[in-house]
Amino acid sequence: MQVQNSVSEQLLAAHHPDKSFFEKNSNHYYYERFSLAEVRAEQGHESEPFQHSHDAYEFIIPYGPIPMLMCEGSVFFGEVGFVYPVQSQRVHASRFRANGVSYDSIVIDKNYMENLMKKTFYGKCEFNTKMQMRQELNSYISIFKKVYKSSSSKNVKNWKLENLAELICLELIEMAFGNRMEVPKEEWEYRQGITAVALYMNQHYKEKLTIEELAEMAGLSKNYFISSFKKYMGEPPHTYLMKLRISYAKLLLEFSEETITEIAEQCGFQKANTFSTTFKKATGMSPMEYKKIQTRT
């Protein structure tokens, strides 16, 4: 893929810090201040772990599981059916397995996006949690790609791309903030409380956390907190917490020389045998078996 001169180097670098990876492994679609990189597993790509930040807004749309997304100390899991936003200037990182993952990376110029947010009265809001994918967004993205590859006249194509890019941006804004007007105020406040607790767990999963303390943070009883968390996050809080810890443990097992006991402590487990049991239940292998496999690849 040839890097396009009409898209700024800053937008291109926002997709991936490794320029050669971007050029070899993505199909690129763009219009001025809007850039879309399509990466597919069948291309057999391999990417080393990376960390970077940029002025642009970025939205990652997985089409297969992405093992780990990290944003300023928080950990997320790239699940199909969700969109993962990266706020402008926010440090974020990712770990892509050797067998590849499929995803779209949408990068949008900061000023362009914030001007649109002001027009929709969401100018001071921040994208800070995953969003449920909508059919409208999926359709706009598919059409954008088709129009980009079409043989239409330059003027007609540019006009279509310009409008589609704006539609995609507006849909992302609406997905993130518009539902505030679609649910009763009381329910929205509960939902915000659950989201705040989930973000706290993303940042403090290495610490000792209890369901009782998390429920108190949300201002809910323990049982209501568990059912509400499952409703809004798709799984119980304990399962969510274990996924965070196991994912971080995988990273340490692959790239550090700490012992199993040290890794268990760093991931928030009080005992190494509890960590080993939980890890094997989640992955089908012991921590040491996992480490041996990763060091051979």
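1. Start with the overall fold. Among contacts in the protein with a separation of 6 or more, 68% link residues 24 or more positions apart. The model is a predicted one. Its secondary structure comes to 12 helices and 10 strands. The protein has 297 residues, and 49% of them count as buried.

2. The sheet. Six strands form an open sheet, in the order β1-β2-β9-β4-β7-β10. The pairing is antiparallel. Its edge strands are β1, residues 26–31, and β10, residues 131–132. Each of these two pairs on one side only. As background, strands of a sheet pair through backbone hydrogen bonds, either parallel or antiparallel.

3. Strand β1 and its partner. Is β1 mostly covered or mostly open? Mostly covered: 5 of its 6 residues are buried. β1 is also an edge strand. Strand β2, residues 34–39, runs antiparallel to β1, and 6 bridges join the two.

4. β1 and β2 form a hairpin, with 2 residues between them. E32 lies in this loop. Its phi is near 50 degrees, a positive value in a residue other than glycine. Most residues other than glycine have a negative phi.

5. Which loop holds Q89? Q89 sits in the loop between β7 and β8, the latter being residues 92–95. Phi of Q89 is near 70 degrees, again positive in a residue other than glycine.

6. Strands β4 and β7. β4 covers residues 57–62 and β7 covers residues 82–86. They pair in the antiparallel sense over 3 bridges. F59 has P85 in β7 as its bridge partner. In the sheet order, β4 stands between β9 and β7.

7. Helix α3 on the sheet. α3 spans residues 110–119 and lies across β4 and β9, the latter being residues 103–108. The helix runs at about 85 degrees to β4.

8. Helix α3 against α5. Besides lying across two strands, α3 meets helix α5, residues 154–177. Their axes come within 10 Å and cross at roughly 60 degrees. The two helices are therefore oblique to each other. The crossing is right-handed. From α3, the contact uses Y112, M113, L116 and M117. From α5, it uses A165, E166, C169, L170, I173 and F177. The residues of this contact divide into 9 nonpolar, no polar and 1 charged.

9. Helices α7 and α8. How is such packing described? Two packed helices are described by the angle between their axes and the distance between the axes. For α7, residues 211–218, and α8, residues 222–233, the angle is about 80 degrees and the axes are 9 Å apart. That makes α7 roughly perpendicular to α8. I211, E212, L214, A215 and A218 of α7 make the contact with K222, F225 and I226 of α8. By type, the contact residues are 6 nonpolar, no polar and 2 charged.

10. Helices α9 and α11. α9 spans residues 237–255 and α11 spans residues 272–283. Their axes come within 10 Å and cross at roughly 95 degrees. These helices are therefore roughly perpendicular to each other. On the α9 side, the contact residues are M242, I246, A249, K250 and L253. On the α11 side, they are F275, T278, F279, A282 and T283. The contact of α9 with α11 divides into 7 nonpolar, 2 polar and 1 charged.

11. Residue A272. A272 is found in helix α11. Is A272 buried or partly exposed? It counts as partly exposed, because its relative accessibility is 26%. Leaving aside neighbours within four places in sequence, A272 is in contact with T261 and A264. A272 and T259 are 13 residues apart in sequence, and their C-alpha atoms are 9.9 Å apart in space.

Technical notes
Residues are numbered from 1 along each chain as its sequence is written. This is a predicted model: local features need pLDDT of at least 70, side-chain atom pairs count only at pLDDT 80 or more; totals for chains, interfaces and linings use all residues. Side-chain values use heavy atoms; hydrogens and water are left out. Two strands pair if DSSP finds at least two bridges between them. Helices (H or I, at least four residues) and strands (E, at least two) are DSSP runs, numbered from the N terminus. Contact means heavy atoms within 4.5 Å. Axes are lines fitted to C-alpha atoms, for helices over the stretch in contact, and angles run from 0 to 180 degrees between N-to-C directions. Buried means under 20% relative accessible area, exposed over 50%, partly exposed in between (1.4 Å probe, protein chains only). Angles under 35 degrees count as roughly parallel, over 145 as roughly antiparallel, 65 to 115 as roughly perpendicular and the rest as oblique. A crossing is left-handed if the near helix is turned anticlockwise from the far one by less than a right angle, and right-handed if clockwise. Ala, Val, Leu, Ile, Met, Phe, Trp, Tyr, Cys and Pro count as nonpolar, Asp, Glu, Lys and Arg as charged, and the others, Gly among them, as polar.
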